[in-house]
Amino acid sequence: MTGRESRDREEQERKAADHDPGRVPTGPGATLTRPGLCSVTFRRLPAAEVARRAADAGLEVVEWGADVHAPPTDPDTVRAAREACDRYGLSCCSYGSYFRATQEELTAFPGIARAAVLLGAPRVRVWAGGVGSSAATPRERSGTAACLREAARIAADHGLELALEFHSKTLTDTVASTLRLLDEVGADNLRTYWQPPLDTPDQEALEGLSELVDRVSAVHVFSWWPGNRRLPLADRADLWAGVFDLLNERRVPLEALLEFVPGDDPAVLAREAAALRRVAAHR
(Lines give C-alpha, C1' and ligand atoms only; values in the text may rest on other atoms or scores of the structure.)
Protein backbone atom coordinates (compact mmCIF):
# COMPACT_ATOMS: atom_id res chain seq x y z
CA MET A 1 0.00 0.00 0.00
CA THR A 2 1.43 3.39 -0.98
CA GLY A 3 1.57 6.35 1.41
CA ARG A 4 -1.23 8.04 -0.51
CA GLU A 5 -3.38 4.91 -0.36
CA SER A 6 -2.72 4.59 3.38
CA ARG A 7 -3.79 8.20 3.98
CA ASP A 8 -6.88 7.70 1.84
CA ARG A 9 -7.81 4.61 3.83
CA GLU A 10 -7.37 6.43 7.14
CA GLU A 11 -9.58 9.26 5.87
CA GLN A 12 -12.26 6.78 4.80
CA GLU A 13 -12.15 5.16 8.25
CA ARG A 14 -12.41 8.54 9.95
CA LYS A 15 -15.44 9.52 7.87
CA ALA A 16 -17.06 6.15 8.52
CA ALA A 17 -16.57 6.62 12.26
CA ASP A 18 -18.16 10.09 12.00
CA HIS A 19 -21.31 8.51 10.56
CA ASP A 20 -21.22 5.45 12.79
CA PRO A 21 -19.93 6.25 16.32
CA GLY A 22 -19.79 2.54 17.14
CA ARG A 23 -17.45 1.71 14.27
CA VAL A 24 -13.88 0.88 15.26
CA PRO A 25 -11.16 2.40 13.02
CA THR A 26 -8.65 -0.05 11.57
CA GLY A 27 -5.56 0.03 9.40
CA PRO A 28 -2.11 1.57 9.71
CA GLY A 29 -2.10 4.70 11.83
CA ALA A 30 -5.79 4.33 12.75
CA THR A 31 -6.70 5.78 16.12
CA LEU A 32 -9.72 5.59 18.37
CA THR A 33 -9.27 9.20 19.45
CA ARG A 34 -10.07 12.32 17.48
CA PRO A 35 -7.93 15.14 18.86
CA GLY A 36 -9.65 18.47 19.19
CA LEU A 37 -9.96 21.82 20.91
CA CYS A 38 -12.44 23.50 23.22
CA SER A 39 -12.96 26.96 21.74
CA VAL A 40 -13.17 28.45 25.27
CA THR A 41 -9.41 27.90 25.44
CA PHE A 42 -9.08 30.96 23.21
CA ARG A 43 -12.14 33.02 24.10
CA ARG A 44 -10.53 36.26 22.94
CA LEU A 45 -9.92 35.01 19.39
CA PRO A 46 -12.60 35.12 16.68
CA ALA A 47 -14.03 31.77 15.62
CA ALA A 48 -12.25 31.78 12.26
CA GLU A 49 -8.90 32.25 13.99
CA VAL A 50 -9.65 29.47 16.48
CA ALA A 51 -10.49 27.11 13.63
CA ARG A 52 -7.42 28.08 11.61
CA ARG A 53 -5.07 27.50 14.52
CA ALA A 54 -6.72 24.19 15.37
CA ALA A 55 -6.33 22.97 11.80
CA ASP A 56 -2.73 24.20 11.59
CA ALA A 57 -1.98 22.24 14.79
CA GLY A 58 -3.30 19.03 13.21
CA LEU A 59 -6.48 18.85 15.28
CA GLU A 60 -9.66 17.41 13.82
CA VAL A 61 -12.61 18.64 15.87
CA VAL A 62 -13.82 21.64 17.85
CA GLU A 63 -16.20 21.98 20.78
CA TRP A 64 -17.67 25.44 20.26
CA GLY A 65 -18.49 27.29 23.47
CA ALA A 66 -21.88 28.93 23.84
CA ASP A 67 -20.51 31.86 25.81
CA VAL A 68 -18.57 33.69 23.06
CA HIS A 69 -18.18 31.78 19.81
CA ALA A 70 -21.69 30.33 19.44
CA PRO A 71 -24.32 32.01 21.65
CA PRO A 72 -27.64 30.16 21.26
CA THR A 73 -29.57 33.41 20.79
CA ASP A 74 -27.34 34.59 17.92
CA PRO A 75 -27.83 32.30 14.90
CA ASP A 76 -25.58 34.39 12.65
CA THR A 77 -22.65 33.91 15.04
CA VAL A 78 -23.42 30.21 15.38
CA ARG A 79 -23.51 29.90 11.59
CA ALA A 80 -20.16 31.68 11.35
CA ALA A 81 -18.59 29.13 13.72
CA ARG A 82 -19.88 26.29 11.57
CA GLU A 83 -18.56 27.96 8.44
CA ALA A 84 -15.16 28.35 10.12
CA CYS A 85 -15.05 24.60 10.69
CA ASP A 86 -16.00 23.91 7.09
CA ARG A 87 -13.39 26.34 5.78
CA TYR A 88 -10.56 24.64 7.63
CA GLY A 89 -11.67 21.02 7.26
CA LEU A 90 -12.74 20.51 10.88
CA SER A 91 -15.80 18.88 12.42
CA CYS A 92 -17.84 20.21 15.31
CA CYS A 93 -17.99 17.38 17.83
CA SER A 94 -20.02 19.14 20.52
CA TYR A 95 -21.71 22.33 21.63
CA GLY A 96 -20.37 23.59 24.95
CA SER A 97 -23.53 24.97 26.53
CA TYR A 98 -23.91 26.45 30.00
CA PHE A 99 -27.31 24.91 30.66
CA ARG A 100 -27.33 24.11 34.39
CA ALA A 101 -30.46 21.95 34.46
CA THR A 102 -32.59 24.30 36.51
CA GLN A 103 -36.33 24.71 36.10
CA GLU A 104 -35.85 28.35 35.11
CA GLU A 105 -33.55 27.36 32.23
CA LEU A 106 -35.72 24.63 30.74
CA THR A 107 -37.69 27.01 28.54
CA ALA A 108 -34.45 28.07 26.87
CA PHE A 109 -33.20 24.56 26.15
CA PRO A 110 -35.05 24.09 22.84
CA GLY A 111 -33.12 27.14 21.58
CA ILE A 112 -29.88 25.52 22.71
CA ALA A 113 -30.83 22.35 20.85
CA ARG A 114 -31.63 24.32 17.69
CA ALA A 115 -28.28 26.11 17.94
CA ALA A 116 -26.49 22.75 18.22
CA VAL A 117 -28.24 21.53 15.07
CA LEU A 118 -27.32 24.75 13.24
CA LEU A 119 -23.74 24.30 14.39
CA GLY A 120 -23.66 20.72 13.11
CA ALA A 121 -22.89 19.38 16.59
CA PRO A 122 -24.08 15.84 17.44
CA ARG A 123 -23.80 16.48 21.18
CA VAL A 124 -24.53 19.21 23.75
CA ARG A 125 -22.41 19.58 26.88
CA VAL A 126 -24.59 20.40 29.91
CA TRP A 127 -24.00 20.93 33.62
CA ALA A 128 -25.45 19.04 36.58
CA GLY A 129 -26.78 21.95 38.60
CA GLY A 130 -24.75 24.38 40.65
CA VAL A 131 -24.40 22.62 43.99
CA GLY A 132 -21.87 19.97 44.97
CA SER A 133 -23.09 16.44 45.59
CA SER A 134 -22.34 16.55 49.32
CA ALA A 135 -24.25 19.82 49.80
CA ALA A 136 -27.26 19.13 47.56
CA THR A 137 -30.55 18.37 49.26
CA PRO A 138 -32.65 15.43 48.04
CA ARG A 139 -35.05 17.95 46.50
CA GLU A 140 -32.25 19.76 44.65
CA ARG A 141 -30.89 16.50 43.35
CA SER A 142 -34.25 15.20 42.15
CA GLY A 143 -34.99 18.58 40.54
CA THR A 144 -31.72 18.53 38.60
CA ALA A 145 -32.35 14.95 37.48
CA ALA A 146 -35.87 15.87 36.32
CA CYS A 147 -34.56 18.85 34.31
CA LEU A 148 -31.85 16.72 32.72
CA ARG A 149 -34.46 14.10 31.83
CA GLU A 150 -36.57 16.71 30.06
CA ALA A 151 -33.51 18.20 28.33
CA ALA A 152 -32.53 14.73 27.14
CA ARG A 153 -36.01 14.27 25.68
CA ILE A 154 -35.79 17.59 23.84
CA ALA A 155 -32.29 16.72 22.63
CA ALA A 156 -33.47 13.35 21.33
CA ASP A 157 -36.22 15.10 19.36
CA HIS A 158 -33.44 17.05 17.63
CA GLY A 159 -31.26 13.98 17.05
CA LEU A 160 -28.76 15.04 19.72
CA GLU A 161 -26.89 13.46 22.60
CA LEU A 162 -26.12 15.14 25.92
CA ALA A 163 -22.96 14.89 28.00
CA LEU A 164 -22.47 16.09 31.56
CA GLU A 165 -19.53 18.29 32.46
CA PHE A 166 -17.49 16.37 35.07
CA HIS A 167 -16.84 19.26 37.43
CA SER A 168 -16.59 20.44 41.01
CA LYS A 169 -19.56 22.18 42.67
CA THR A 170 -22.04 20.17 40.62
CA LEU A 171 -23.66 16.77 41.03
CA THR A 172 -20.86 15.33 38.89
CA ASP A 173 -18.09 16.29 41.31
CA THR A 174 -17.40 12.63 42.14
CA VAL A 175 -17.53 9.43 40.14
CA ALA A 176 -20.09 7.88 42.49
CA SER A 177 -22.43 10.85 42.25
CA THR A 178 -22.05 10.98 38.45
CA LEU A 179 -22.95 7.32 38.06
CA ARG A 180 -25.90 7.76 40.39
CA LEU A 181 -27.15 10.79 38.46
CA LEU A 182 -26.89 9.04 35.10
CA ASP A 183 -28.99 6.22 36.52
CA GLU A 184 -31.49 8.62 38.09
CA VAL A 185 -32.02 10.44 34.79
CA GLY A 186 -32.22 7.15 32.89
CA ALA A 187 -31.89 8.65 29.40
CA ASP A 188 -30.25 6.61 26.64
CA ASN A 189 -28.80 9.75 25.05
CA LEU A 190 -27.14 11.07 28.23
CA ARG A 191 -23.48 10.32 28.95
CA THR A 192 -20.67 12.19 30.67
CA TYR A 193 -17.38 13.87 30.01
CA TRP A 194 -14.31 13.25 32.15
CA GLN A 195 -11.35 15.39 33.17
CA PRO A 196 -8.73 14.99 35.90
CA PRO A 197 -10.19 16.17 39.22
CA LEU A 198 -8.23 19.04 40.72
CA ASP A 199 -5.28 18.02 42.91
CA THR A 200 -6.04 14.32 42.51
CA PRO A 201 -2.96 12.06 42.22
CA ASP A 202 -2.61 10.15 38.96
CA GLN A 203 -3.50 6.71 40.31
CA GLU A 204 -6.59 7.96 42.12
CA ALA A 205 -7.75 9.81 39.01
CA LEU A 206 -7.28 6.70 36.89
CA GLU A 207 -9.14 4.52 39.38
CA GLY A 208 -12.07 6.93 39.18
CA LEU A 209 -12.04 6.93 35.38
CA SER A 210 -11.99 3.12 35.32
CA GLU A 211 -15.34 3.12 37.16
CA LEU A 212 -16.86 5.67 34.80
CA VAL A 213 -15.21 4.80 31.51
CA ASP A 214 -18.10 2.91 29.90
CA ARG A 215 -20.25 6.05 30.12
CA VAL A 216 -17.71 8.61 28.91
CA SER A 217 -18.25 10.28 25.53
CA ALA A 218 -15.25 12.66 25.52
CA VAL A 219 -12.44 13.93 27.71
CA HIS A 220 -11.23 17.45 28.38
CA VAL A 221 -7.45 17.36 28.25
CA PHE A 222 -5.19 19.62 30.30
CA SER A 223 -2.27 19.40 32.69
CA TRP A 224 -2.80 21.21 36.01
CA TRP A 225 -0.64 20.67 39.08
CA PRO A 226 -0.77 21.72 41.83
CA GLY A 227 -4.18 23.34 42.00
CA ASN A 228 -4.93 25.16 38.76
CA ARG A 229 -1.32 25.86 37.83
CA ARG A 230 -1.21 25.20 34.09
CA LEU A 231 1.64 22.98 32.92
CA PRO A 232 2.56 21.69 29.47
CA LEU A 233 0.60 18.54 28.73
CA ALA A 234 3.83 16.56 28.55
CA ASP A 235 4.45 17.26 32.25
CA ARG A 236 1.64 14.83 33.13
CA ALA A 237 2.23 12.42 30.27
CA ASP A 238 2.07 9.40 32.59
CA LEU A 239 -1.44 10.35 33.69
CA TRP A 240 -2.66 10.80 30.14
CA ALA A 241 -1.01 7.62 28.92
CA GLY A 242 -3.01 5.81 31.61
CA VAL A 243 -6.17 7.63 30.57
CA PHE A 244 -5.83 6.54 26.95
CA ASP A 245 -5.02 2.98 27.99
CA LEU A 246 -8.39 2.86 29.71
CA LEU A 247 -10.26 4.60 26.91
CA ASN A 248 -8.73 2.52 24.12
CA GLU A 249 -9.59 -0.75 25.88
CA ARG A 250 -13.23 0.05 25.10
CA ARG A 251 -12.53 0.13 21.33
CA VAL A 252 -15.05 2.97 20.99
CA PRO A 253 -14.07 6.17 19.14
CA LEU A 254 -14.30 9.40 21.12
CA GLU A 255 -12.85 12.91 21.26
CA ALA A 256 -9.98 14.22 23.37
CA LEU A 257 -10.33 18.00 23.58
CA LEU A 258 -7.50 20.29 24.60
CA GLU A 259 -8.62 22.89 27.13
CA PHE A 260 -6.89 25.68 29.07
CA VAL A 261 -3.37 25.58 27.64
CA PRO A 262 -0.59 27.32 29.62
CA GLY A 263 -0.99 31.07 29.61
CA ASP A 264 -4.03 30.86 27.28
CA ASP A 265 -1.31 31.28 24.64
CA PRO A 266 -2.25 30.35 21.06
CA ALA A 267 1.46 29.99 20.27
CA VAL A 268 1.69 26.80 22.36
CA LEU A 269 -1.24 25.05 20.69
CA ALA A 270 0.86 23.19 18.12
CA ARG A 271 3.14 21.88 20.88
CA GLU A 272 0.21 20.79 23.05
CA ALA A 273 -1.56 19.16 20.09
CA ALA A 274 1.57 17.20 19.23
CA ALA A 275 1.85 16.06 22.86
CA LEU A 276 -1.79 14.97 22.80
CA ARG A 277 -1.28 12.89 19.67
CA ARG A 278 1.84 11.28 21.10
CA VAL A 279 0.30 10.32 24.40
CA ALA A 280 -2.91 9.08 22.77
CA ALA A 281 -0.82 6.81 20.53
CA HIS A 282 1.83 6.10 23.19
CA ARG A 283 4.58 7.41 20.92
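**Questions on one protein chain**

Colleague: Is Arg 141 buried or exposed?

Modeller: Arg 141 has a relative accessible area of 6%. Buried means under 20%, exposed over 50%, and partly exposed in between (1.4 Å probe, protein chains only). So Arg 141 is buried.

Colleague: What kind of model is this?

Modeller: Residues are numbered from 1 along each chain as its sequence is written, and side-chain values use heavy atoms, without hydrogens and water. Local features need pLDDT of at least 70, side-chain atom pairs count only at pLDDT 80 or more, and totals for chains, interfaces and linings use all residues, for this is a predicted model.

Colleague: Which side chain makes a polar contact with that of Arg 141?

Modeller: Start from helix α5, residues 138–157, where Arg 141 sits. Helices (H or I, at least four residues) and strands (E, at least two) are DSSP runs, numbered from the N terminus. A polar contact is a pair of N or O atoms within 3.5 Å; within protein, one must be able to donate a hydrogen and the other to accept it, and residues adjacent in sequence count only if both atoms are side-chain atoms. At 3.0 Å, the partner of Arg 141 is Glu 184.

Colleague: How many helices and strands does the chain have, and what share of it is buried?

Modeller: The protein chain has nine helices and eight strands. It has 283 residues. The buried share is 50%.

Colleague: What share of the contacts joins residues 24 or more positions apart?

Modeller: Contact means heavy atoms within 4.5 Å. Take the contacts with a separation of 6 or more. Residues 24 or more positions apart account for 76%.

Colleague: How far apart in space are Leu 45 and Pro 266?

Modeller: Leu 45 lies in the loop between β1 (33–38) and α2 (47–56). At 14% relative accessibility, Leu 45 is buried. Beyond its neighbours within four places, Leu 45 is in contact with Val 50, Arg 53, His 69 and Pro 266. Leu 45 and Pro 266 are 221 residues apart in sequence, and their C-alpha to C-alpha distance is 9.1 Å.

Colleague: What is the volume of the largest cavity?

Modeller: On a 1 Å grid over the protein atoms alone, a cavity is a set of points where a 1.4 Å probe fits but cannot get out; a pocket is an open set with protein on both sides within 12 Å along at least five of seven lines; lining residues have an atom within 4 Å of a point. Grid points are joined across faces, edges and corners, and a volume is the space filled by probe spheres set on the points. The rule finds two cavities of 30 Å³ or more. The largest has about 30 Å³.

Colleague: How many charged residues line the second largest pocket?

Modeller: This pocket has about 410 Å³ and 19 lining residues. Ala, Val, Leu, Ile, Met, Phe, Trp, Tyr, Cys and Pro count as nonpolar, Asp, Glu, Lys and Arg as charged, and the others, Gly among them, as polar. The lining has ten nonpolar and four polar residues, and the charged ones number five.
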